[in-house]
Amino acid sequence: MASRVASTSRAMILLLMVLFSAIFLTSEARILKGGQALQGNANNSRHLLLELGFDLSKLEHYQRLSTLGVPSDRLSPGGPDPHHH
């Protein structure tokens, strides 16, 4: 009798744990229709860059220079100052 109660209580606890964890496993992701996630559309990228405040003409200029093999005019920092402790 005691083992029957113990197995029933274990089954009930297991059932409650499964139901309780299912509440927290809901998906927060947004479903994209029409395969938008896989397209990688260039227009969407341009729109996003414009919203973020990038100048597309400068980006296209740097892209053209990188494909031609021209070194960039951007400078890296010189490193630590030897006179500073």
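Helices (H or I, at least four residues) and strands (E, at least two) are DSSP runs, numbered from the N terminus. By this rule, the protein has 4 helices and 0 strands. From the N terminus on, its elements run α-α-α-α. The model is predicted: local features need pLDDT of at least 70, side-chain atom pairs count only at pLDDT 80 or more, and totals for chains, interfaces and linings use all residues. Residues are numbered from 1 along each chain as its sequence is written, and side-chain values use heavy atoms, with hydrogens and water left out.

Helix H4 covers residues 56-68. Just after H4, Gly-69 takes a positive phi of about 85°.

The structure holds 1 salt bridge (a side-chain nitrogen of Lys or Arg within 4 Å of a carboxyl oxygen of Asp or Glu). It joins the side chains of Arg-46 and Glu-60 at 2.7 Å, N to O. Arg-46 lies in helix H3 (residues 42-51) and Glu-60 in helix H4, so the pair ties together parts that are 14 residues apart in sequence.

Burial was judged by relative accessible area: buried means under 20%, exposed over 50%, and partly exposed in between (1.4 Å probe, protein chains only). Buried residues make up 2% of the 85 residues. Arg-46 is partly exposed, at 39%. Glu-60 is also partly exposed, at 32%. Leu-16, in helix H1 (residues 2-24), is exposed, at 53%.

How values were computed. Expected span 1.5 Å × (residues − 1).
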